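Let's take a walk through this structure together, one part at a time. Have the 3D view open and follow along.

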Amino acid sequence: MSQSPSSTITSHFPPSNVEDDRPQECSATSDFARQERLAALERRLNRSATEIASSTQQEQESQAFYANHDKRTEFRRLVDPGIMRPNSKEVALRSLRTLSMIAENLLCEPDNPKFRRFKPTNSIIKRDLINPKGALEYAVAMGFHPEVDHFQPYYTFKDKYMTELGIGAAILREAIQTAGKEEDEGLKVMKAKAEEEDRIKRAKEAFLDDRKAQMIRTERERSRRSQEERKLPTP
């Protein structure tokens, strides 16, 4: 009895329980591609979040800057003309550095009692803040106000002036940096001037040495000619 066509065709296929690796390879490749897409998406999301945070911070800093523009202008005027003009440059810079040290210490450790006040009778404070014109006024503008404790005078910081303290410290850093650049430029100018003066001095010395050498050669030549003339026979 002959077999039907359907049974003949079926007999050529492998048994259903035989494993085929190709579908598994496709699945692995698909999983890898999906993971890559997810990783790329995560990187884009993280980058977007970072950009948003950076943009937000810049916007806040910009708003804070313009919101405190008047205060910054006030502190800049307290530096110049307040401190820089009426005092010598050395005294003024020393006052700025002392004010900056007081402000920076308090900003770093706002709860440290030794940074929250200073005595006007202290020798360094007296030299750098009390005696120079305008320095004590700057400290007062940052939030240090006079008071007496156990019969001792102090300038004590008031917490409500934290914003002024931060702005004052920033302007002091700015002023000290500017003064440092001007000092460096001044040193460069002085150095260039000294080098030019030294060059001119060396050129003059070289000229005088050359002139002296020329005079010596001329004198030797004259002497030689004189000796030769004495050796000539009398006609």
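Before we start, a word on pairing: two strands count as paired if DSSP finds at least two bridges between them. The strands themselves (E, at least two residues) and the helices (H or I, at least four) are DSSP runs, numbered from the N terminus. What you're looking at is a predicted model, where local features need pLDDT of at least 70 and side-chain atom pairs count only at pLDDT 80 or more, while totals for chains, interfaces and linings use all residues. Residues are numbered from 1 along each chain as its sequence is written, and side-chain values use heavy atoms, with hydrogens and water left out.

Let's begin with the sheet. Strands of a sheet pair through backbone hydrogen bonds, either parallel or antiparallel. Here you'll find an open sheet of three strands in the order S1-S3-S2, with antiparallel pairing. Strand S1 (117-118) and strand S2 (144-149) sit at the edges, each pairing on one side only.

Now follow S3 (residues 152-157) along its two partners. With S1, S3 pairs in the antiparallel sense over two bridges: Arg117 has Thr156 as its bridge partner, and Phe118 stands opposite Tyr155. With S2, S3 pairs, again in the antiparallel sense, over six bridges. On that side, Asp149 is bridged to Gln152, and Glu147 stands opposite Tyr154.

How many residues lie between S2 and S3 in their hairpin? There are two.

A cis peptide bond joins Asp80 and Pro81, with omega at about 20°. You'll find Pro81 in the loop between H3 and H4.

Helix H6 (residues 135-142) lies across S1, S2 and S3, running at about 90° to S2. For angles like this, axes are lines fitted to C-alpha atoms, for helices over the stretch in contact, and angles run from 0 to 180 degrees between N-to-C directions. H6 also meets H5: their axes come within 7 Å and cross at roughly 95°. The two helices are therefore roughly perpendicular to each other, a label for angles of 65 to 115 degrees (under 35 is roughly parallel, over 145 roughly antiparallel, and the rest oblique). Asp128, Leu129 and Ile130 of H5 make the contact with Ala135, Leu136 and Ala139 of H6, contact meaning heavy atoms within 4.5 Å.

Rolling a probe the size of a water molecule over the atoms shows where empty space is left. On a 1 Å grid over the protein atoms alone, using a 1.4 Å probe, a pocket is an open set of points with protein on both sides within 12 Å along at least five of seven lines, and lining residues have an atom within 4 Å of a point. Grid points are joined across faces, edges and corners, and a volume is the space filled by probe spheres set on the points.

The largest pocket has a volume of about 260 Å³. Its lining includes Met101, Phe115, Arg117, Phe118 and Tyr154. Helix H4 (89-108), S1 and helix H5 (123-130) each supply at least two lining residues, and H4 gives the largest share, three.

The second largest pocket holds about 200 Å³ of space. Ten residues line it, with Val79, Asp80, Met84, Ala175 and Thr178 nearest its centre. Two or more lining residues come from each of helix H3 (69-79) and helix H7 (162-231), and H7 gives the most, six.
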